Amino acid sequence: MIGSYAAAGAWGARNGPAFIRRMLDRERAGTYVLLLLAELAVLAAAAGVLVGLLVVSVDEPLWLRALGVGTFAMATCGAAVWVLEAVTRWWWSRRRPGRLVVSPAPSGAVSTAVLRSRASFATPLSNAILVVAWCVFMVVLTAPAPWAATVFGLVTLATCARLAPFVLGRAAAGGVYLTPSAIELRWGVRSASVPWESVTGRPDDLAHGLAGATDASAARTFPVDVPLDVTDQPTPGRVAVPVAYLWLRADELAELIGWYAAQPALRARLGTQESLAWRPTTPSAVTMADGDTFD
């Protein structure tokens with residue numbers, strides 16, 4: 001029986017976030033409402049059980065109380081993160097600029113960029129804060145056992161390191177930067193470069209990464225990383241392209257990359273004001289000739 005519950009839990013942890021992210025990516029008001037109501041119900045249930053355990057477990061052994069209360073406190077924090085993600089994604093879906101800008105790429109080269117909103121920090125930052133808050137809560141909970149409180153205190157200090165990139169201003173929302181020679185990517189404290197020669201056409205699924213990057217093309221500007229969402233993990237041989245909170249939708253960005261992959265002569269215009277005239281409704285890269293204009 002325990003094995004069955006464990007297997008169900010593992011399946012949910014593996015597939016639940018991916019399912020929620022796919023629903024969020026649809027950017028439909030009805031979907032957001034349903035997800036938000038479901039997540040609020042989970043949050044209320046976890047918080048209710050947590051309060052109940054705090055009340056009824058006062059006379060229980062400390063290890064048992066810490067195990068039960070700590071587990072549901074962590075579940076409450078996780079549910080709160082998903083509620084915040086849904087609200088932030090809904091807000092962003094109504095305010096996405098839907099345009100390109102000329103911006104320096106991470107390498108310093110001029111580029112036509114699809115920027116990413118700083119709202120993309122909502123989930124990793126809140127997750128880092130809530131992990132620290134959970135550790136502090138466990139310090140208070142285990143105060144009658146000094147050795148346990150000391151252990152959780154040390155864990156609290158360790159988890160504070162996850163806040164360092166945000167507090168020190170080293171984490172950048174970044175985006176996707178199209179230069180004449182490569183596609184450059186920036187997120188958090190990491191950047192990568194994919195040469196155009198490695199891009200064979202319109203990417204099929206940017207959420208699973210972009211093929212063509214090598215280890216030598218990746219750079220890291222700070223020792224503490226900003227973790228990717230579990231649903232943004234790229235497949236082997238690809239570099240991550242977190243598509244949430246970009247100024248263009250994922251399908252529009254894929255069309256833009258496919259455009260320049262199919263028309264090498266157009267890449268010389270990247271980083272110029274002329275390249276900003278691109279819109280998803282303009283002619284397809286398949287039918288556009290090298291001498292055609294964007295209008």
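Which residue forms a salt bridge with aspartate 204? The legends below answer this and describe other close-up views. The model is predicted, so local features need pLDDT of at least 70 and side-chain atom pairs count only at pLDDT 80 or more, while totals for chains, interfaces and linings use all residues. Residues are numbered from 1 along each chain as its sequence is written, and side-chain values use heavy atoms, with hydrogens and water left out.

**View 1. Arginine 238 and aspartate 204 form a salt bridge.** The closest N and O atoms of arginine 238 and aspartate 204 are 3.6 Å apart. A salt bridge is a side-chain nitrogen of Lys or Arg within 4 Å of a carboxyl oxygen of Asp or Glu. This pair links distant parts of the chain, with arginine 238 in strand β8 (residues 238-239) and aspartate 204 in the loop between β5 and β6, 34 residues apart. Helices (H or I, at least four residues) and strands (E, at least two) are DSSP runs, numbered from the N terminus. Aspartate 204 is exposed at 64% relative accessible area, whereas arginine 238 is partly exposed at 28%. Buried means under 20% relative accessible area, exposed over 50%, and partly exposed in between (1.4 Å probe, protein chains only).

**View 2. Arginine 202 and glutamate 255 meet in a salt bridge.** Their side chains come to 3.2 Å, N to O. Arginine 202 lies in the loop between β5 (190-195) and β6 (210-211) and glutamate 255 in helix α7 (residues 250-262), so the pair ties together parts that are 53 residues apart in sequence. Arginine 202 is partly exposed, with a relative accessible area of 44%, and glutamate 255 is also partly exposed, at 24%. The structure holds eight salt bridges.

**View 3. Arg249, Asp251 and Glu252 are linked in a network of salt bridges.** Within this group, the closest N and O atoms of arginine 249 and glutamate 252 are 3.1 Å apart. Glutamate 252 counts as buried at 13% relative accessibility, and arginine 249 as partly exposed at 36%.

**View 4. Tyrosine 245 has a positive phi.** The angle is about 75 degrees, although tyrosine 245 is not a glycine. Most residues other than glycine have a negative phi. Tyrosine 245 is found in the loop between β8 and α7 and counts as buried, at 3% relative accessibility.

**View 5. Helix α5 (residues 146-159) has a buried side and an exposed side.** Buried residues of α5 are Ala148, Ala149, Phe152, Thr156 and Thr159. They cover an arc of only 95 degrees around the axis, which puts them on the same side of α5; the arc is that of the directions from the helix axis to the C-beta atoms. These buried residues pack against α4 (122-141), contact meaning heavy atoms within 4.5 Å. On the other side of α5, the exposed residues are Pro146, Trp147, Leu154, Leu157 and Ala158. At 1.5 Å a residue, the 14 residues of α5 should span 20 Å, which agrees with the 20 Å between its end C-alpha atoms. The expected span is 1.5 Å times one less than the number of residues.

**View 6. Val33, Leu37 and Leu40 make a nonpolar surface patch.** The patch covers about 250 Å². Patches are made of residues with over 30% relative accessible area and no salt bridge, like charges being joined within 9 Å and nonpolar side chains (Val, Leu, Ile, Met, Phe, Trp, Tyr) within 5 Å. Areas come from the Shrake-Rupley method with a 1.4 Å probe, and for residues only the protein chains shown count as cover. Leucine 40 has its place in helix α2 (residues 29-56) and counts as partly exposed, at 39% relative accessibility.
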